[in-house]
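Open the model in your viewer and keep the selection tool at hand. Each stop says what to pick and what is there.

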Amino acid sequence: MYDVQHNSRGLVSHGVSACAGCGMELIMRNVLEVLGEDTIILIPPGCSALFSGFGNETALKIPGFQGNLENTAACAAGVRAALNAKGNKHTTVLAFAGDGGTVDIGIQSLSGVLERRDKVLYICYDNEAYMNTGIQASSSTPYFAGTTTTPSGKKTGRKDLMQIAIAHDIPYAATASINNLNDLKKKVQKAKDTDGPSLLHIHTPCPTGWRYEPAKTIEIARAAVQTGCWILYEYEAGKVTINYRQKELKPIEEYIGFQGRFGNLSKEQKKEIQDYVTKQYNKYIIKLEAMN
Amino acid sequence: MTVMQKQQEKHTPKPQKFRVYGPVATVYGSSNTGSWRILCPKVDYEACIKCGTCARSCPANIIDIIKEQSECVVIDFDYCKGCGICANECPVKCISMVVERG
């Protein structure tokens with residue numbers, strides 16, 4: 001079908017123009033390694049559109065479609081409906097959108113898909129701002145993070161996509177991070193086997209937007225989990241499992257210290273973030289435990 | 001792509017039927033992202049324990065571990081962007097980033 005100009009291992013081309021050290025590129029490769037060739041991908045405009053390519057060139061060996069920012073989930077539901085009409089039950093329909101295309105612009109169509117129980121695997125890679133258009137704050141940007149639209153730090157916390165998904169009582173929803181790729185692959189496999197909508201919310205460090213050394217991408221993802229800024233858990237058929245628990249949270253400095261977007265904060269503000277994260281973490285764990 | 005552009009440029013006196021396919025990607029290609037590299041990974045093959053952590057964490061998936069070979073870590077420099085994740089994640093720190101050009 002394709003005119004293959006450069007061969008590659010796996011389904012993704014090696015020379016993709018994602019920034020050096022991009023977390024999203026790592027996620028895309030690992031996700032498609034699990035899902036295999038029998039997948040149709042839907043990509044909104046954004047950083048992930050690098051994979052659908054420019055002009056007549058693409059970086060993926062699987063069929064795909066690039067829609068608009070607000071209708072990724074709706075397009076996926078349409079593809080699923082067409083496959084169902086043809087009697088095709090085996091093909092995975094994957095929607096791969098960023099945090100802006102999911103929690104801000106695309107949330108109405110995502111909510112529709114989750115409510116209609118369409119068998120779609122929705123992956124939100126969360127780099128915590130609109131990175132492709134020049135680092136504007138999204139509703140997933142954390143408290144006090146500096147972006148071009150919130151230069152002195154965002155004054156509000158982030159929207160909780162997982163709890164929104166769980167409120168729809170979908171069969172499978174999980175958070176993941178690139179610091180543990182085996183856990184990520186396991187969750188993708190579970191989501192693939194789910195009969196119904198499934199959602200994965202993946203924490204994706206972005207060297208360009210968060211302003212840190214590209215080499216630290218995985219280190220920062222690990223620090224986010226260990227400091228309690230990102231909680232790994234899954235919601236499976238009404239049951240919540242917390243995948244990773246710290247006995248004691250590491251100081252927040254280990255996460256925000258490397259990042260330029262938190263660079264202009266005063267000591268008091270850093271302490272405020274520490275208190276905020278610890279409080280949120282403890283509150284969230286109690287909430288998750290109470291859900292069972 | 002060309003079909004669409006031609007249709008827009010063409011003056012049509014009366015309505016006509018067109019079959020438009022739109023922009024469709026037909027070429028599976030790779031950019032030469034190796035040209036971005038400023039820092040280049042250099043492996044100390046003596047210290048390498050062949051665990052494969054660098055290969056798993058490489059965003060471009062271009063590192064091969066060939067255990068039989070003395071130069072066991074093979075990196076495809078056509079696509080290596082020089083991000084340094086391999087050097088940062090290596091458990092024995094046997095990869096160092098050296099300046100390739102000024």
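Start where the chains meet. Select E1(A) and strand E1 (residues 27-28) of chain B: they pair in the parallel sense over two bridges. Strands here are DSSP runs of E with at least two residues, helices are runs of H or I with at least four, and both are numbered from the N terminus. Two strands pair if DSSP finds at least two bridges between them. Now pick Asp3(A), which stands opposite Val27(B) in E1(B).

A word on the model. It is predicted: local features need pLDDT of at least 70, side-chain atom pairs count only at pLDDT 80 or more, and totals for chains, interfaces and linings use all residues. Residues are numbered from 1 along each chain as its sequence is written, while chains are lettered from A and ligands numbered from 1 in the order in which they are written.

**The contact between the chains**

Chain A gives 32 residues to the contact and chain B gives 28. Contact means that C-beta atoms, placed from the backbone, lie within 7 Å. On the side of chain A, the elements with two or more residues there are strand E1 (3-4), helix H1 (23-35), strand E3 (57-58) and helix H9 (217-226). That side has nine nonpolar, 15 polar and eight charged residues. Here Ala, Val, Leu, Ile, Met, Phe, Trp, Tyr, Cys and Pro count as nonpolar, Asp, Glu, Lys and Arg as charged, and the others, Gly among them, as polar.

**Helix H1 of chain A**

Select H1(A) next. Are its residues mostly covered or open? Eleven of its 13 residues are buried, among them Met24(A), Ile27(A) and Leu35(A). A residue is buried if 20 or more other C-beta atoms lie within 10 Å of its own, exposed if 12 or fewer, and partly exposed in between, with C-beta atoms placed from the backbone. Step just past H1(A): Gly36(A) takes a positive phi of about 80°.

**The open sheet**

Move to the sheet of chain A. Its eight strands run in the order E4-E2-E5-E6-E8-E7-E9-E10, with mixed pairing. Strand E4 (64-66) and strand E10 (239-242) are the edges, each pairing on one side only.

Select E8(A), residues 198-203. Six of its six residues are buried. Ser198(A), Leu200(A) and Ile202(A) point one way, and Leu199(A), His201(A) and His203(A) the other. E6(A) pairs with E8(A) in the parallel sense over six bridges; look for Leu121(A) with its partner Ser198(A). E7(A) also pairs with E8(A) in the parallel sense, over six bridges, and Ser177(A) has His203(A) as its bridge partner.

Which way does E7(A) run against E9(A)? The two are antiparallel, joined by three bridges.

Show helix H7 (181-193) of chain A. H7 lies across E5, E6, E7, E8 and E9, running at about 160° to E7(A). Axes are lines fitted to C-alpha atoms, for helices over the stretch in contact, and angles run from 0 to 180 degrees between N-to-C directions.

Then select H3 (72-85) and H5 (107-116) of chain A. These helices pack at about 35°, with axes 6 Å apart. Residues that meet include Ala73(A) and Ala77(A) from H3(A), and Leu110(A) and Val113(A) from H5(A).

**Zoom out**

Finish with the whole of chain A. Its secondary structure comes to eleven helices and ten strands. Of its 292 residues, 50% count as buried.

Notes. Contact = placed C-beta atoms within 7 Å.
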